[in-house]
Amino acid sequence: MLADIVLIIHLFFVLFVLGGLPLIWIGAWMRADFARNPRFRLAHLAAILFVAGESLLGMVCPLTWMEDALRGTATESGFIQRWLHRVLFYDFPEGVFTAAYAMFAILVAVTYKLIPPHPRRA
């Protein structure tokens with residue numbers, strides 16, 4: 001059961017990282033306050049930089065490791081790679097994911113520059 005909780009947390013983390021970017025662009029277009037919220041924006045940028053960094057360093061995601069440890073299985077692939085394989089039945093090399101994470105991190109950083117967060121209002 002703990003492994004399933006870790007899996008759900010991991011899923012929400014992935015949804016935050018992937019879904020956050022289109023939300024920022026749509027929110028900026030709609031002039032929504034959340035799109036320029038400094039806490040949200042820094043958390044989003046930090047999340048993808050962490051993912052890209054651990055991938056570039058060849059590290060296994062701590063949530064993947066924790067889930068596998070709780071299930072008593074060996075960590076063979078990353079979260080997205082594992083679930084993409086289960087959905088599509090196709091294995092991509094780890095380098096494909098590393099490149100995708102790095103490019104996505106660059107896109108998030110560019111978005112941070114193009115749509116900067118506003119300071120908090122008093």
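Predicted model: local features only at pLDDT ≥ 70, side-chain atom pairs only at ≥ 80, totals over all residues.
Trainee: Where is confidence lowest in the chain, and where is it highest?

Mentor: Helix α4, residues 79-88, has the lowest confidence, with a mean of 58. At the other end sits helix α2, residues 38-56, at 94. For the chain, the mean pLDDT is 85, and 84% of the residues reach 70 or more.

Trainee: Okay, on to the inside. Which residues make up the largest nonpolar core?

Mentor: There are 12 residues in all. Here they are: V17, L21, L45, A47, I48, V51, A52, F97, Y101, F104, A105 and V108.

Trainee: Can we zoom in on one of them? What does A105 touch?

Mentor: Leaving out residues up to four places away in sequence, A105 touches I48, L49 and A52.

Trainee: Now the rings. How is a pair of aromatic rings described?

Mentor: You give the distance of the centres and the angle of the planes. In this structure there are three aromatic pairs. Take F16 and F40: their ring centres are 5.8 Å apart and the planes stand at 75°, so this pair is edge-to-face. Those two residues come from distant parts of the chain, with F16 in helix α1 and F40 in helix α2, 24 residues apart.

Trainee: Is F16 buried or partly exposed?

Mentor: F16 counts as partly exposed, because its relative accessibility is 28%. F16 also belongs to an aromatic cluster, together with F34 and F40.

Trainee: And what about F97 and Y101: how far apart are the ring centres, and at what angle are the planes?

Mentor: The centres of F97 and Y101 are 6.4 Å apart and the planes are at 45°, so we call the pair tilted. Both residues lie in helix α5, and because they are four residues apart, about one helical turn separates them.

Trainee: Are F97 and Y101 buried or exposed?

Mentor: F97 counts as buried, at 7% relative accessibility. Y101 is buried as well, with a relative accessible area of 16%. You've met both names already, in the list for the largest nonpolar core.

Trainee: One last spot. Where is E94 placed, and how far is E94 from G58 in space?

Mentor: E94 is in helix α5. With a relative accessible area of 39%, E94 is partly exposed. Along the sequence, E94 and G58 are 36 residues apart, while in space the two are 9.2 Å apart, C-alpha to C-alpha.

Key:
Residues numbered from 1 in each chain as written. Heavy atoms only, no water. pLDDT = per-residue confidence, 0-100. Core = buried A, V, L, I, M, F, W, Y, C linked by side-chain atoms within 4.5 Å. Buried < 20%, exposed > 50% of the residue type's maximum accessible area, 1.4 Å probe, protein only. Contact = heavy atoms within 4.5 Å. Phe/Tyr/Trp six-rings, centres within 6.5 Å; stacked < 30°, edge-to-face > 60°.
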